[in-house]
Amino acid sequence: MKPNPLIITVATALLGVWVVIAAAAKPGPDHIDIYGGTSGKVPFPHARHQERIQDCNVCHSVFARESGAIKRMKEQGALKPKKVMNLQCIKCHKNEKRAGKPYGPVTCSTCHVK
Ligand code: HEC
Ligand code: HEC
Ligand code: HEC
């Protein structure tokens with residue numbers, strides 16, 4: 001029997017959709033130790049932030065959804081050191097604190113551990 005071209009087209013299209021969905025849904029690890037230079041690593045509860053924030057791009061518009069992305073961009077000069085820390089992490093935590101909501105750490109040693 002000759003393969004039906006229509007079935008092949010539909011099957012290929014469905015596979016494409018599946019690949020896109022699978023890539024978009026890749027959630028990354030629940031917990032990440034972010035590189036924090038001489039101040040020490042920054043233990044980061046990724047899953048809890050995803051639950052609370054929903055929009056991945058609040059963070060990932062600045063760096064890719066890849067392990068070590070922030071460190072790599074800093075090494076390439078594409079991202080200033082402390083930019084993520086100040087403009088994402090600390091900024092949001094301070095805003096939430098001001099709004100009287102649950103918030104994350106705002107002092108050096110509550111984020112960085114040696
Ligand atoms: C509050 C900030 C923040 C939010 C919101 C966020 N992420 Fe991330 N994500 C990070 C950080 C930080 C890293 C680690 C980057 C690095 O290692 O330099 C990361 C890494 C990742 C990685 C790669 C991890 C690995 O080890 O391979 C994936 C995949 C990822 N995130 C997916 C998502 C998805 C999907 C969402 C939305 C549902 C999301 N993230 C929301 C901060 C965030
Ligand atoms: C909310 C968590 C948080 C707090 C609070 C915080 N940091 Fe950070 N810090 C980070 C993260 C995440 C990074 C890595 C990303 C970046 O460089 O923006 C970082 C990066 C750094 C770096 C750059 C490391 C490098 O070589 O690239 C230094 C230095 C630093 N922090 C010092 C401090 C000092 C000093 C304080 C207190 C005034 C502080 N941090 C408070 C999370 C935090
Ligand atoms: C848009 C807001 C937002 C951003 C951006 C954000 N956080 Fe948070 N973070 C929160 C809130 C809200 C909480 C407290 C609620 C909770 O624990 O679920 C929190 C809690 C935390 C905690 C405490 C968890 C615990 O065990 O008590 C850590 C550590 C933390 N954040 C680190 C970071 C780091 C590092 C970054 C930057 C890579 C970051 N956060 C970016 C909103 C944010």
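Predicted model: local features only at pLDDT ≥ 70, side-chain atom pairs only at ≥ 80, totals over all residues.
## Iron in ligand 1

Start with the iron atom of ligand 1, which is coordinated by His 46 and His 60, each through NE2, at 2.0 to 2.1 Å. The site is octahedral, with angles of 86 to 180° among the six donor atoms. His 46 sits in helix α2 (residues 46–53) and His 60 in helix α3 (residues 57–60), so this pair ties together parts that are 14 residues apart in sequence.

His 60 comes out at 21%, so it counts as partly exposed; the cut-off for buried is under 20%.

## Iron in ligand 2

At ligand 2 the protein donors are of two kinds: the iron atom is coordinated by Met 85 through SD and by His 112 through NE2, at 2.0 to 2.1 Å. Here the angles among the six donor atoms run from 87 to 178°, and the site is octahedral.

Met 85 belongs to helix α5, while His 112 is in the segment after α6, so the pair ties together parts that are 27 residues apart in sequence. Met 85 is partly exposed, with a relative accessible area of 29%, whereas His 112 counts as buried at 18%.

## What surrounds ligand 2

Which residues are closest to ligand 2? Out of 22 residues that surround it, the closest are Lys 74, Met 85, Cys 108, Cys 111 and His 112. Some polar pairs involve the ligand's oxygen atoms. A polar side-chain atom of Lys 74 is 2.6 Å from one oxygen atom. The backbone takes part too: a backbone N or O atom of Met 85 lies 2.9 Å from an oxygen atom of ligand 2, and a polar backbone atom of Val 84 is 3.1 Å from an oxygen atom of this ligand.

The elements that give two or more residues to this shell are α4 (69–75), α5 (83–98) and α6 (108–111). The largest share, six residues, comes from α5. By class, the shell around ligand 2 divides into 13 nonpolar, six polar and three charged residues.

## Iron in ligand 3

The iron atom of ligand 3 has His 49 and His 93 as its protein donors, both through NE2 and lying 2.0 Å from the metal. This site is octahedral as well, with angles of 88 to 180° among its six donor atoms. The pair links distant parts of the chain: His 49 is in helix α2 and His 93 in helix α5, 44 residues apart.

As for accessibility, His 49 is partly exposed at 26% relative accessible area, and His 93 counts as buried at 12%.

Ligand 3 has 19 residues around it, and Arg 48, His 49, Cys 89, Cys 92 and His 93 come nearest.

Helix α5 gives the most, with five residues. The class breakdown for the shell around ligand 3 is 12 nonpolar, four polar and three charged residues.

Definitions and conventions:
Residues numbered from 1 in each chain as written. Chains lettered and ligands numbered in written order. Heavy atoms only, no water. Near = heavy atom within 4 Å. Polar contact = N/O pair within 3.5 Å; in protein donor to acceptor, adjacent residues only side chain to side chain. Helix = DSSP H or I, 4+ residues; strand = E, 2+ residues; numbered from the N terminus. Nonpolar A, V, L, I, M, F, W, Y, C, P; charged D, E, K, R; others polar. Donors = N, O, S within 2.8 Å, 3.2 Å for Na, K, Ca; no water. Tetrahedral: all angles 85-135°; square planar, octahedral: opposite > 155°, others 65-115°. Buried < 20%, exposed > 50% of the residue type's maximum accessible area, 1.4 Å probe, protein only.
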